[in-house]
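Please walk me through this model, one region at a time.

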Amino acid sequence: MRRLGDPAATLARNRIARIEAASPDDLSALAVARERQLNTAGWENFRLPGGYDAVAATLAEGTRIRLNAPVTEVSWASAGAVVTLASGETLPARAVILTASLGVMQRGLIRFDPALPQRKRDAIGRLRMGPASKLILWFRRAFWPAFSFLGADRQLPSWWRAAEATALVGFAGGPDAIRLGELGERAAIEIALAELTALFGPDARNEFLRGALMDWPSEPWILGGYSYTPVGAGSAREDLAEPLSTLFFAGEATSINGHVGTVHGAIESGWRVAAEVMSGMR
Ligand SMILES: Cc1cc2nc3c(=O)[nH]c(=O)nc-3n(C[C@H](O)[C@H](O)[C@H](O)COP(=O)(O)OP(=O)(O)OC[C@H]3O[C@@H](n4cnc5c(N)ncnc54)[C@H](O)[C@@H]3O)c2cc1C
């Protein structure tokens, strides 16, 4: 068994923490181990031709979606609920499914009337919204050797080849993502080019066209990347997922089958909550 302080153990610990978008000192090893035991989806990465919009568009087929309609308040009771939008418009509902990110819930951007019970507020407070960001760099040509994933102990610690043959995607999770956001896009690109030059030589700069930083912690309707379980959070996820009369909770943070922090975890939570709503209405 590797001991803490052993460079291989430190590398493994930092790598897992980055993927979980967590600080290594805060992440619950017990929760990660449990989630990995429960995981049935595997670890293979897939790219969606044309991007993720296709998933949302397919799932939304036949439904009415209102965009640019932020919810500011949810009044809930056993007889039904009323949702208030930032515009002041109110929408009555038989049931409300909340899928706003944990970051939005923690910031209290949606008011509840009556206030959420203590157990639910504790669950929201006990989990953590891990910061995660991506930096995409486009080049004139692919100058790198064939690789599927590259892990380096640097400020941009993970690289994938993008769907476009001449682009690379850098990923930062946890404290690295916060640092990148603080640096801003220009400085982040500079650092990435210096690090890629150290890895692949001067072509990194010579062939560079442009870059874009996707700083998710700064996105006002996300405020982070995805959730992780810190030490001592106990059953917070189960508590968060539990329905409250006409109020239902979905989204990746409510995933209780080991698929936390993923798109498939979020989709599965939607199936779970749809069944809960249907059985509640019967
Ligand atoms: C950099 C990065 C890399 C990732 N890589 C992967 C990966 O490789 N594989 C993978 O499976 N997952 C990955 N994820 C995680 C994945 O994106 C999330 O787990 C997933 O998007 C969560 O879906 P969700 O529906 O729970 O929440 P979200 O996608 O956060 O959706 C919540 C929605 O609620 C809306 N909202 C917020 N507040 C309000 C409000 N007040 N009123 C109305 N609407 C509101 C938001 O606009 C948003 O559309 C990554 C995430 C990041 C940030």
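Glutamine 155 sits in the loop that links strand 8 (149-151) to strand 9 (158-161). Helices (H or I, at least four residues) and strands (E, at least two) are DSSP runs, numbered from the N terminus. This is a predicted model: local features need pLDDT of at least 70, side-chain atom pairs count only at pLDDT 80 or more, and totals for chains, interfaces and linings use all residues. Residues are numbered from 1 along each chain as its sequence is written.

Leaving out residues up to four places away in sequence, glutamine 155 touches Asp176, Arg179, Ile191 and Glu195. Contact here means C-beta atoms, placed from the backbone, within 7 Å. Glutamine 155 and alanine 177 are 22 residues apart in sequence, and their C-alpha atoms are 8.8 Å apart in space.

Five strands form an open sheet in the order 8-9-10-7-11, with antiparallel pairing. Strand 8 and strand 11 (208-215) stand at the edges with a single partner strand each, so one side of each has no neighbour in the sheet. On average, neighbouring strands of this sheet are turned by 20° against each other, direction ignored. Strands count as paired if DSSP finds at least two bridges between them. Strands of a sheet pair through backbone hydrogen bonds, either parallel or antiparallel.

Strand 10 (residues 167-173) runs antiparallel to strand 9, and four bridges join the two. Strand 9 and strand 10 form a hairpin with five residues between them. Tryptophan 159 has glycine 170 as its bridge partner in strand 10. Arginine 161 is partnered by leucine 168 of strand 10. Leucine 168 is also the bridge partner of leucine 137. Strand 7 and strand 10 are antiparallel too, joined by seven bridges. Strand 10 is largely enclosed by the rest of the structure, because five of its seven residues are buried.

Helix 7 (residues 185-200) lies across strand 7 (132-139), strand 10 and strand 11. Helix 7 runs at about 120° to strand 11. Axes are lines fitted to C-alpha atoms, for helices over the stretch in contact, and angles run from 0 to 180 degrees between N-to-C directions.

## Domains and ligand shell

The chain is divided into domain 1 (65-128 + 233-281) and domain 2 (132-218). These bounds come from an automatic or database domain assignment. The C-alpha centres of domain 1 and domain 2 lie 34 Å apart.

Which residues are closest to the ligand? They are Trp221, Gly225, Gly251, Thr262 and Ala266, in a shell of 23 residues. Domain 1 and domain 2 each give the shell at least three residues. Strand 7 and helix 10 (263-281) each supply at least two. By class, the shell has 13 nonpolar, eight polar and two charged residues. Ala, Val, Leu, Ile, Met, Phe, Trp, Tyr, Cys and Pro count as nonpolar, Asp, Glu, Lys and Arg as charged, and the others, Gly among them, as polar.

Strand 1 (residues 71-77) pairs antiparallel with strand 2 (residues 80-85) over six bridges. A hairpin of two residues joins them. Tryptophan 76 stands opposite alanine 81 in strand 2. Strand 1 also runs parallel to strand 5, with three bridges. There, valine 74 has phenylalanine 112 as its bridge partner.

## Backbone exceptions

Most residues other than glycine have a negative phi, and most peptide bonds are trans. Alanine 21 has a positive phi, near 60°. Alanine 21 lies in the loop between helix 1 (7-19) and helix 2 (29-38). It counts as buried because it has 28 C-beta neighbours inside 10 Å.

Serine 245 also has a positive phi, near 40°. Its loop runs between helix 9 (236-241) and strand 13 (247-249). Serine 245 is partly exposed, with 13 other C-beta atoms within 10 Å. A cis peptide bond joins aspartate 113 and proline 114, with omega about 0°. Proline 114 lies in the loop between strand 5 (111-113) and helix 5 (118-126).

Terms used. Contact = placed C-beta atoms within 7 Å. Near = placed C-beta within 6 Å. Buried ≥ 20, exposed ≤ 12 C-beta atoms within 10 Å, placed from the backbone.
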